[in-house]
Amino acid sequence: GVFAHLEMLEARAHEAAVKQEETEQQEEKLARLKARVQELRLQRDELRAKVDLQQKGQLGKEGVVSDPAQPSARAVLEWKIKSVKAMLQVFYLTGISGKLTKRGVCFCISTAYEGTYLDSYHLDLLTKAEVQIHRHSVPIFIPLEQIAKKYLQTDIRRFLSVLSDHLNAYAGRRYQADQLQGRFSDRIEGTLQRNSLCNLLVFNYNVSSKSKTFPFNARLLYGDLCCSLPTEVTVSCTPDAPASLAETAAAHSDLFRRVALHKAFCSFSSAEESVD
């Protein structure tokens, strides 16, 4: 029995060391990716500025605009086509790709969370005198209509950027909830409740203290739909729980605000194993 217990402890220690090494490698990779993203964003901003300057200069040289205040419909259409072609190259660096179609352009917005690629969504635009959304695969609960009303006619790049932020944040929230259910089902009591947008999560989970298990209730609200971390967190325990667990609930609440759900539960498990 003693040898078996020692072997089990050694196996746990080895597994913990492997997980720690994998975590460190992922953190290093994430840091490199973040630096690369920042570099690409700077390049994107520079390209945007150059494209804008080139477009303004080209319109002036060709003389297609007789009155700067009232450009012709053809000049506006040509400018939009050139702008779209430039965007296809710029957005390719930021997870947004596209191709020209006979009636406009089709964009593909790829989502990812912490280096893990998730879903892709398509958006087919008609680039006539007025830009229109022809078809799309964006979920109905994403505020596409409001975003389009605000940016589509005046700044397509801003429209795509904001839409990408919404889709990536949604994908990140859903990914965290899926990871929590898949990897920590033994700690979750009942079913994790979430809405379609995954901006409200409610679940019960167990916390061990001094060889006893106590149920905790968590409610996470994501007030910022462009963010994958909650803005409001409430964690509570049963009235008969030890007073020390109230501090644990407060610590968990703070951790949920700063760290992805599955990573927070990894921290809980490591802490409890250390106490044991």
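What we have is a predicted model, in which local features need pLDDT of at least 70 and side-chain atom pairs count only at pLDDT 80 or more, while totals for chains, interfaces and linings use all residues. Residues are numbered from 1 along each chain as its sequence is written, and side-chain values use heavy atoms, with hydrogens and water left out.

Cysteines, then. Cys 108 counts as buried because its relative accessibility is 15%; buried means under 20% relative accessible area, exposed over 50%, and partly exposed in between, with a 1.4 Å probe and protein chains only.

Cys 226 is partly exposed, at 35%.

Next is Cys 198, in the loop between β5 (188-194) and β6 (200-209). Strands are DSSP runs of E, at least two residues, and helices are runs of H or I, at least four, numbered from the N terminus. Phi of Cys 198 is near 55 degrees, a positive value in a residue other than glycine. With 3% relative accessibility, Cys 198 is buried.

Last, one glutamate. Glu 27 lies in helix α1, residues 2-62. Its relative accessibility is 48%, so Glu 27 counts as partly exposed.
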